[in-house]
Structure formats: C-alpha cells, structure tokens
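Q: Hi! Could you walk me through this model before I set anything up?
A: Happy to, let's go through it together.

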Amino acid sequence: MKVQKIFDSFMSSNIFNNKGVLQSNYTPETIPHRDKEIEQIASILAPALRQERTSNLFVYGNTGTGKTLSIHYLKNELLKRSDKSPLRVEYLNCKLRKVADTEYRILAELIKKFGHEVPATGLPTDQVYNKFIEVIEQEKQFIILILDEVDQIVKKMSDGFLYNLMRINTELSKTQLSVIGISNDVTFLDNIDPRVRSSLSEEEIIFPPYNALQLQDILKTRAELAFKKNVVGEGVIAKCAAIAAREHGDARRALDLLRVAGELTEREGLAKISLKYIDQANAKIEKDKILSIIETEPKQFQAVILAIIELSDKNKDKIFTGEVYQAYQDVCKRARMEMLTQRRIGDIISEFDMLGLINASVISKGRYGKTREIKLAISKQIIERAKKIINESLGFA
DNA sequence: GTCAATTCACATGAAAGAGACCACGGTCTAGTG
DNA sequence: CTAGACCGTGGTCTCTTTCATGTGAATTGACGA
C-alpha cells in the first residue's frame, strides 16, 4: 500500500535526525558570531543583578540576524543568576496580531504575565495603565521589559505609548523599569518624539547581517544535529549560505532553505541532498509564502489582487491606481460584492506593496497627474494557482 | 527659447462612523426558605 | 430574600468613509531675444 509506504518512510527518515533543529523556534546552545554583541548587551544589563537600574537599550538589525535569539539567551542567563534578587525579565513580541498590537492589549498582556487578569476589552485605557502600575508596584522589584518589533507599535499606534512607558518610571516608587526595544527597521528611530528617542536609546546595539562564511558556519553546526550522516551533499551548505547572504544575511532564510531542501529530498526517496533541491526549495518557499498570503487575505483584498492580475495578464506591466480601481469595480460587480472607495483601495495597494505581492512606487506623470506605478511581483508559474484560489474564495464559477 | 503658473490624478492625513466585542452596574425574574 | 438573567451605558478595536490638503512634473502661455 502506498499509504503504508509513506508512513513507513516517515517513521524511519533516512534524512532527518531531528528536524526541529532547523525550525525557527529552536534555540541553539551557542550563538556563533554574536559574541561581541552579546557581551556588550550583557555588560549593559549586568547592573540589574546588583539591583541597580539598567539603561534602556535599543537593538536593531535585519531579520534573521540573531537579535531575538541573543536576547532570549541573555534573558535566561540573567534569570539563572537572579534567584535572590527580585528581577523580572519579560519578553513581548509586539507584532503578534490579536495579542499585542495595540496599547491596550500590550498592557493587558503584561498584566497577565505578572499574574493578574484584565478583560480583553471594555475598560478605558488609563484604567489599565493604573492597574499595570498597581500590579508591578505590589512588591519591590526590577523589571526588564523586552519589546520585540517595537517599530510595529509606533506604526500601528503613535509613539505615545512609548512615551508613557518611558515616563512610567517617574511614577513608580519601589519598582524600577527598564526597556529593551528590538527593531528590524533602522530608520524607525528617526520618526519618533525626540524625548522618547533619547530615553529609549540610552544604549544602542546594531546586529550586522551575517556574511556568507558566517552563515555557512551556522548551517554546519545545525546540519550536524539535524541530518543523519552523509546526507548533506557537496556544496549544499555553501549554496544555502550564498542565497541567504544575498537576502540581507538572513539566517532564518538559510535554515529554511536547508530544511525544505531536506524535505524535498526525502519526498523523492533519496538519501542525499543535492544542489538542485536547493533551487527547488528556494522556489517553493517563495511560492508557499505568496500563496498563503493570498489565501488568508480578506475578500476585498483578494478582489484587488485579482484586478491587478487580470490587468497585468491583459497587457502591460505598468498599471496605475485608477486602472486598478476600475478593474476592481468590475470584479466586484461580477462577484456581487460591495465596493470600497478609491481611498481605501489606495491603502490596500500600498499594503500589498509591503507584503511584496506587488512593486509599487509613486510617480508623477506631470500634467497627467500623480499615481502609483504598480507591477505584479508574482512569478508566472504561481499566477494560475493564485487566480484559482481567489476565484474559489470569491465564489466565481 | 525660457520661465513661472497651471493642472491633473491621485497620494496622504485626519477625523469620524459603523459594527463587533466586552465590562460594569442597575433592574427584573424566578427559585428558595 | 437572593442568585442569576437581562438590559443600557460606555469603553476598545478594526475597517471604512468623508473631507481636506498636498504634490511633482508635463503642459501652457506670457515674455523677451
């Protein structure tokens, strides 16, 4: 039976030893090539162990440069040594939708971490503030608050939250609060209130991208744990590293590549990962990402994407906002759904730009106005699949 | 030919509404002694 | 008499609409050589 064969081969993988090592939630024991950064941060945080207030810290670097990993590592090390001192280190990822993407919810989440409950909604925000202060003031303690992806907070709300957070220290009598902000976006600090900026970035640390050699190093150590012996073919690691290095030195990307290449090899029933599977893996990752974005997007967004796809199918590769809106209206009519205003469509288009589904840039056509010039960034092989997904979701025949 | 004013087709911002969710406090109802 | 059901009020959150203002260069038209 085929099924049995599939299960059998799954049970006794001849490729993987421990696939988890290549997954993004895995925490390795050592973090190569980040010694300098970790030491710097450690020396900044060390005063906390002697019950002194630590400086606020701002960490930035591209995705997959080991920021979060390093901070987690330091968090654990700190906590290991702090059984006597009343030190608390709390980590919060501000990007998680529905968990921590508004002022209210972040506070609610923090209060929860300190062992109290607060309703998910319905309370005035300043009351939640007071509750938070009350909770952390219950006993004398040192708190280090790690805010991952702080730039998201500012993007979604204003910098008011950060300002309040910085100011909170002055309202606390017993407790001391320090903040570690982590951000992918280097320019993020430029657009916030100078007062917040100066207090948030009392110390700054930059995580530079990994270069190809460092990536190879990381991959090698992980591959040894993840794969069985003699599975990884000649040059495979070098190639993964090279591809990822091209993409801003993103280690996560490199690990994904290696894992997916392994999965593809396994599915083929082969015992050795060869170079060609890496190219395939690269394509597959890209494809899966795009399709899953399209699939999970709300209907209105799908309609806009469909409009853009149809336009770029039809003729040119340069599309303007107005054209998209017309095509979108057409799609709406066909699908019998309500139409949104052009204002909204403009925003949706720029969201697609951020997601990487399209490339859009604002240009001026002089006398003939100012628009976005839009180009579809989905490769041809996926377009058909994408269309199918959208058509199904919009209820077309 | 040169220069500033004009003009288009949107971008970009701000404010505010709609509808969903929820807490809180007061009132009503039904079950209990 | 009291616990629970049921409202109304007031708050947040997301997605939108409405109204307002901004904008960059092709075009236009006046001007001078």
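**A chat about chain A and its DNA**

A: Let's start inside a sheet: Val59 sits opposite Ile205 of strand E5. Keep in mind that this is a predicted model.

Q: Okay, and how many bridges join E1 to E5?
A: There are 5, and the two strands run parallel, with E5 covering residues 203-207.

Q: Which residue in E4 does Tyr60 stand opposite?
A: That would be Ser183. E1 pairs with E4 (residues 176-183) in the parallel sense too, over 4 bridges.

Q: Is E1 buried or exposed?
A: Buried: 5 of the 5 residues in E1 (residues 57-61) count as such, so the strand is largely enclosed by the rest of the structure.

Q: Which way do the residues of E1 point?
A: Leu57, Val59 and Gly61 point one way, while Phe58 and Tyr60 point the other way, and all are buried. In a regular strand, side chains alternate between the two faces of the sheet.

Q: Let's zoom out. How many helices and strands does chain A have?
A: Chain A has 16 helices and 8 strands. Its C-alpha trace spans about 65 × 60 × 45 Å along the principal axes. Of its 397 residues, 47% are buried.

Q: And which domains does the assignment give?
A: For chain A, it gives domain 1 (2-17 + 210-287), domain 2 (35-206) and domain 3 (297-394). The centres of domain 2 and domain 3, taken over C-alpha atoms, are 39 Å apart.

Q: Nice. Which helices supply residues of the surface near DNA strand C?
A: Helix H4 (103-113) and helix H15 (342-355) each supply at least two. By type, the residues of that surface divide into 6 nonpolar, 9 polar and 7 charged.

Q: What are the distances from the side chains of Thr341 and Arg344 to a phosphate oxygen?
A: An N or O atom in the side chain of Thr341 is 2.8 Å from a phosphate oxygen of DNA strand C. For the side chain of Arg344, the corresponding distance is 3.0 Å.

Q: What about Arg367?
A: There a backbone N or O atom lies 3.0 Å from a sugar or linking oxygen of DNA strand C.

Terms used: Residues numbered from 1 in each chain as written. Chains lettered and ligands numbered in written order. Predicted model: local features only at pLDDT ≥ 70, side-chain atom pairs only at ≥ 80, totals over all residues. Heavy atoms only, no water. Domains from an automatic or database assignment. Buried < 20%, exposed > 50% of the residue type's maximum accessible area, 1.4 Å probe, protein only. Pairing = 2+ DSSP bridges. Polar contact = N/O pair within 3.5 Å; in protein donor to acceptor, adjacent residues only side chain to side chain. Nonpolar A, V, L, I, M, F, W, Y, C, P; charged D, E, K, R; others polar.
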